Structures are given as C-alpha cells and as structure tokens.
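Open the model in your viewer and keep the sequence panel beside it. The tour goes from the whole chain down to one residue.

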Amino acid sequence: MLEAVLTGARDDAIEGVDVVVRPALAATAVDVLAADGYLLGTPANIGYMSGALKHFFDQIYYPVLEATIGRPYALYVHGNSDTTGAIRGVEAIVTGLKWKRLREPLSIVGEADAAAREACWELGATVAASLMSA
C-alpha cells in the first residue's frame, strides 16, 4: 500500500512537490515543521492505530502544535476486520493539532487487492497535487 501511495504522490504530472518518507518511529518535530502537508498511514492494531504512529504523535504534538495549524493531511488505514478505532484515534489527534483533512480517510479492510492499491495511488496523487501551489 505504501508503494502505491508513493507512486501516486510521485506521478510525473505532479511538479514542484518533494515527497519525503519518514517511518513513524524515525519522524521528528523538525520533519513535521519542514513539511507542507502530511500523508499518514497505519495498520489497525487491536482496534487502534499502530503504536509507532501513536509514538510519533506523542513526540511531535506539543513542539508543532501552533506552527502547523491548518496544514493539510490525509490518512489511510489497513485492518483485517475493522479500522474504525484507528481512524477515530488519528482524527482525534489531528483535530487537536488543527490540521485540515484533505479527504475522507481511506479504509482498507481485508486483503490489499488491486482496487485497494489503486485507491492508495489516488490518495497519494491527490495529496501531492494539492501541494503543487503550496
């Protein structure tokens, strides 16, 4: 799914957007402050976002709180049976950060088939295209 998101975000039609990938456990407040927008991805683990993504938010929340208000974000979540809790958890945090959702979260339940990968490609392209004039 990540590869599909990145392929969409790096489509040749998208100009002037540098796509930077940071694993959740390696991303820092400096990375968040340097970005114009965010594309978050997580598995749904035991009904919630991954521990890695939660750790990311715990580390960056207060250092970026005022400086990133209004920045765009999008989210994709993959789960075996349900993604509701993971989506709700992420949206609660980004609401506190006052980030602006670009589109409804992409929820993939079950196998990440060709349709899921296409949806991921579209999500990546949509987010990157929205930043072309940023």
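Select the charged side chains first. This is a predicted model, and its protein chain carries 10 positive and 16 negative side chains. Lys and Arg make up the positive set, Asp and Glu the negative one. The centres of the two sets lie 7 Å apart.

Now show the surface. The protein chain exposes about 7,300 Å². Carbon and sulfur atoms supply 53% of that area.

Switch to cartoon. How many helices and strands are in the protein chain? Count five helices and four strands. Walk along the sequence and the pattern reads α-α-β-α-β-α-β-β-α.

Zoom out for the overall dimensions. Along the principal axes, the C-alpha atoms fill a box of roughly 35 × 35 × 25 Å.

Colour by burial next. Of the 134 residues, 41% are buried.

Last stop: select strand β1, residues 38-43, and pick out Thr42. Is Thr42 buried or exposed? Its relative accessibility is 4%, so Thr42 counts as buried; the cut-off for buried is under 20%.

How values were computed. Residues are numbered from 1 along each chain as its sequence is written. This is a predicted model: local features need pLDDT of at least 70, side-chain atom pairs count only at pLDDT 80 or more; totals for chains, interfaces and linings use all residues. Side-chain values use heavy atoms; hydrogens and water are left out. Helices (H or I, at least four residues) and strands (E, at least two) are DSSP runs, numbered from the N terminus. Buried means under 20% relative accessible area, exposed over 50%, partly exposed in between (1.4 Å probe, protein chains only). Accessible areas come from the Shrake-Rupley method with a 1.4 Å probe; for residues, only the protein chains shown count as cover. The place of a charge is taken as NZ of Lys, CZ of Arg, CG of Asp or CD of Glu.
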